[in-house]
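This report describes selected features of one protein chain. Please keep the sequence and the 3D view at hand while reading.

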Amino acid sequence: MKRQIFTAEHDAFRETVRTFLAKEVLPHYEQWEKDGIVSRGAWLAAGKQGLLGLAVPEEYGGGGNADFRYSAVLAEEFTRAGAAGLAIGLHNDIIGPYLTGLATDEQKRRWLPGFCSGEIITAIAMTEPGAGSDLQGIRTAAEDHGDHWILNGSKTFISNGILADLVVVVAKTTPEGGAKGLSLLVVERGMDGFGRGRNLDKIGQKSQDTAELFFNDVRVPKENLLGELNGAFVHLMTNLAQERMGIAVSGIAGAEYLLEITTQYVKEREAFGRPLSKLQHIRFEIAEMATECAVTRSFLDRCIVDHSNGELDAVHASMAKWWATELQKRVADRCLQLHGGYGYMTEYRVAKAFTDGRIQTIYGGTTEIMKEIIGRSLLA
């Protein structure tokens with residue numbers, strides 16, 4: 001089915017993204033995977049190409065366009081290229097809205113130009129060793145010392161954790177914490193007491209630096225409070241729908257690409273004197289995956305349009321996130337199986353997609369949390 005949600009401007013942007021990937025990312029990606037981190041130069045190149053800060057007002061160097069379809073194009077093309085390491089989606093779609101929607105004019109002048117140029121790489125620090133999806137369990141705390149906060153605690157599994165110059169930290173600003181006692185504090189590179197631990201060794205997305213962060217009596221100026229004091233819970237809930245949509249978009253794009261390369265593989269690979277595609281079981285496998293992808297794509301495209309129009313609610317974003325990522329996981333497993341022994345070899349894209357994509361059902365809210373959100377909305 002021909003997709004109908006994109007205009008000529010979106011198609012032109014897609015070509016720009018493909019050119020950027022071919023020139024600035026793919027020639028270096030194998031080395032980044034070995035290094036466990038991407039080059040800062042790639043971020044600067046992305047900024048120069050206009051891929052950073054798509055929704056940031058033009059006065060700060062951004063694209064000035066909040067149309068989520070451009071973000072969807074970025075997510076789709078980076079997924080098809082297998083280039084998860086350069087976490088532009090995290091930067092643009094997850095952290096960007098906090099800066100554009102909550103920052104003061106002074107903060108915007110201070111941070112957004114670098115955000116758009118690639119000189120300032122960002123991260124958000126929510127997860128702790130004892131607190132993942134449950135924000136009530138956050139223990140990182142900030143004490144009020146007049147004109148500044150003293151921040152103590154630790155975070156883990158933080159994407160962009162090694163490269164980040166600016167980290168939005170979720171911390172308790174009341175002894176109780178919880179829904180009414182969390183705030184967003186911006187910690188900047190070079191602040192005394194701000195340390196980084198290991199660049200964590202993951203099973204996939206090797207070039208995406210994921211780190212432990214430590215805060216030991218970090219002096220955070222009051223000017224680095226982002227949004228309302230004790231208002232982080234509401235701020236986080238407001239922006240989660242976009243985060244989940246970005247993950248969902250990459251999920252269906254990943255499934256579609258795996259189906260595409262596997263369909264071609266079974267046409268070319270022979271067994272028992274004929275192509276695998278001549279076996280009924282293989283044809284049924286391909287038919288099932290193609291149908292699931294087509295149905296999911298229809299729903300996701302509707303969600304993309306709704307979100308671009310400001311009409312997507314948290315429930316449908318949760319539906320999109322869990323369904324698309326679980327589909328991606330199933331398709332990756334089935335496509336690897338259809339590749340046989342070759343599917344287990346890291347030189348084949350299906351093997352890399354299998355490990356890179358496994359995190360999709362976990363970060364941004366696990367499948368189980370997504371179902372809980374949906375279930376509560378229907379059964380409250």
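## Annotated domains

UniProt positions are given here in the numbering used in this report, feature names are shortened, and annotations may be inferred rather than shown by experiment. An unreviewed UniProt entry places "domain: Acyl-CoA oxidase/dehydrogenase middle" at residues 123-218. This span is 0% helix and 50% strand, and its end C-alpha atoms lie 17 Å apart. Helices (H or I, at least four residues) and strands (E, at least two) are DSSP runs, numbered from the N terminus.

The unreviewed entry also gives "domain: Acyl-CoA oxidase/dehydrogenase C-terminal" as "domain: Acyl-CoA dehydrogenase/oxidase C-terminal" at residues 236-379. Those residues are 75% helix and 3% strand, with end C-alpha atoms 24 Å apart.

## Basis of the model

The model is predicted: local features need pLDDT of at least 70, side-chain atom pairs count only at pLDDT 80 or more, and totals for chains, interfaces and linings use all residues. Residues are numbered from 1 along each chain as its sequence is written, and side-chain values use heavy atoms, leaving out hydrogens and water.

## Helix α1

Helix α1 is kinked by about 55 degrees, centred on Y29; the bend at a residue is the angle between axes fitted to the seven residues ending there and the seven starting there. Its buried residues (under 20% relative accessible area, 1.4 Å probe, protein chains only) include F13, V17 and Y29. Just after α1, G36 takes a positive phi of about 80 degrees.

## Residue T210

T210 lies in strand β7 (residues 210-221) and is buried, with a relative accessible area of 6%.

How values were computed:
Buried means under 20% relative accessible area, exposed over 50%, partly exposed in between (1.4 Å probe, protein chains only).
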